[in-house]
Amino acid sequence: MEVRTIRTINQIAPTDGLNKKLDGSNATQFGQLLKNALNRVNELQIESDEYKKLLLTGDLDNLHDVTIAAEKANISLQLTLSIRNKLVEAYREIMRMQI
Amino acid sequence: MGMFDSINISASALTAQKTRIDIISKNMANVNTTRSTGGMPYRRQMVVFEEQRGPSFSSYLEKHTNRFNGKGVEISEIVEDTTPFKLKYEPGHPDANEDGYVMLPNVDMVTEMVNMIDAQRAYEANITAINGTKSMLMKALEISRR
Amino acid sequence: MYANFKNNIDLFNKVLDGIWLRNKVINHNIANADTPKYKKLTVSFEDKLREALSKSDSKLVKTHEKHLPFPVNTKDIQPRIEENDKFSYRFDGNNVNIDTEMADLAKNTIMYNAVIDQLISEFDKIKNVIHEGGK
């Protein structure tokens with residue numbers, strides 16, 4: 001039975017990805033994204049409230065304006081909550097990992 | 001402005017047509033009235049329709065934006081028909097003049113009937129308009145029901 | 001998703017505004033069907049809308065200042081009220097044809113309901129994605 005010498009494994013060349021420095025720019029980009037999104041959600045809520053005020057005082061011109069604005073605000077809020085739930089779940093998942 | 005402007009417009013027309021029918025009925029009821037105010041026979045009455053517009057500071061602006069200030073129609077006045085009275089030869093009538101002619105109201109039943117039908121048709125058209133607006137509003141509410 | 005709002009739902013909202021205005025104007029015409037000297041009014045916005053929607057395909061450029069402006073995006077489109085003073089059939093100067101107005105009323109009502117239905121289905125699509133995609 002021949003015993004072959006174990007050839008030395010070539011050194012794994014470092015890939016470009018590992019060469020990239022981990023800087024914080026990605027984090028700030030994501031944070032900015034979140035902030036913009038939350039601002040937009042807030043804007044939709046405020047717009048919906050304005051239309052509701054018009055409805056209550058009888059100054060509303062088009063009924064569909066208030067229903068559409070309410071629905072937009074509603075949906076964006078639902079989406080935000082859903083994303084928040086997912087993020088919290090992901091965080092919990094990570095915390096549960098045993099190092 | 002308001003979301004019920006459309007309905008207000010149609011409602012104004014309903015009121016106007018109803019008044020018109022009232023005047024027509026009055027004319028028809030008095031077709032033979034020889035003694036009215038001032039000793040003269042009854043004089044036929046007519047309604048005058050007038051378009052109602054809300055206040056607008058510039059009609060040019062109004063035509064080129066979506067601000068619409070139309071408010072329907074109203075009866076601006078009720079006038080008397082100045083066509084001359086009809087003359088009928090009836091010497092035995094208490095109101096006959098010395099030639100034996102009686103002055104009768106200038107009301108023509110056929111004209112009144114035609115106007116009555118026209119007013120009814122207009123009334124129904126405006127009712128249909130209100131129902132259309134109502135169905136649109138209910139549909140708009142459906143957006144938030146889901 | 002907010003871009004989706006901007007494109008689709010705001011567009012529907014604008015169209016509904018135009019159709020609602022047209023409803024008001026048609027009601028005004030029907031109410032004034034017997035008013036002497038009244039000329040009927042019409043609302044138009046579909047032609048400008050069509051132009052704006054095909055803007056992404058066309059390469060229209062304003063090379064001369066006398067070129068007519070065309071709507072760049074759907075936000076700029078406003079419904080236009082026009083007075084239609086075609087000759088009238090009647091002695092009193094009124095040119096409202098009650099049958100035309102009733103037909104327009106029916107068409108307009110159906111159009112409004114149809115656009116609302118499509119809008120509802122747009123919202124439903126998004127809600128579906130939110131609820132199902134989260135599972």
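The model is predicted.

Two packed helices are described by the angle between their axes and the distance between the axes. The table gives both for the two pairs.

| Helix pair | Angle | Axis distance |
|---|---|---|
| α3(B) (109-145) and α3(C) (98-133) | about 5 degrees | 9 Å |
| α3(A) (63-96) and α3(C) | roughly 10 degrees | within 10 Å |

Angles under 35 degrees count as roughly parallel. α3(B) and α3(C) are therefore roughly parallel to each other. The angle in the other pair makes α3(A) roughly parallel to α3(C) as well.

**The α3(B)–α3(C) contact**

From chain B, the α3 residues in this contact include Ala125(B), Ala129(B), Gly132(B), Met136(B) and Ile143(B). On the chain C helix, the partners include Ile98(C), Leu105(C), Tyr112(C), Ile116(C) and Ile120(C). By class, the contact has twelve nonpolar, five polar and two charged residues. Among the charged residues is Lys139(B).

**The α3(A)–α3(C) contact**

α3(A) contributes His64(A), Glu71(A), Ile75(A), Gln78(A), Leu79(A) and Ser82(A). They meet Ile116(C), Phe123(C), Ile126(C), Lys127(C) and Ile130(C) of α3(C). Six of these residues are nonpolar, three polar and two charged. Ile116(C) takes part in the contact with α3(A) and also in the contact with α3(B).

**The chain C side facing chain B**

**The nonpolar core**

In soluble globular proteins, nonpolar side chains tend to be buried together. Here the largest nonpolar core has 46 residues. Ala69(A), Val25(C) and Ile30(C) have the most contacts inside this core. Each of the following elements supplies at least two core residues: α2 (25-57) and α3 of chain A; α1 (5-29), β1 (45-53) and α3 of chain B; and α1, β1 (41-44) and α3 of chain C. The largest share, ten residues, comes from α1(C).

Leaving aside neighbours within four places in sequence, Ile30(C) is in contact with Ala13(B), Ala125(B), Asn126(B) and Ala129(B) from chain B. Within chain C, Ile30(C) is in contact with Ile98(C) and Glu101(C). Of these partners, Ala125(B), Ala129(B) and Ile98(C) also belong to the α3(B)–α3(C) contact.

Methods. Residues numbered from 1 in each chain as written. Chains lettered and ligands numbered in written order. Predicted model: local features only at pLDDT ≥ 70, side-chain atom pairs only at ≥ 80, totals over all residues. Axes fitted to C-alpha atoms, helices over the stretch in contact; angles between N-to-C directions. Helix = DSSP H or I, 4+ residues; strand = E, 2+ residues; numbered from the N terminus. Parallel < 35°, antiparallel > 145°, perpendicular 65-115°, else oblique. Contact = placed C-beta atoms within 7 Å. Core = buried A, V, L, I, M, F, W, Y, C linked by C-beta atoms within 7 Å. Buried ≥ 20, exposed ≤ 12 C-beta atoms within 10 Å, placed from the backbone.
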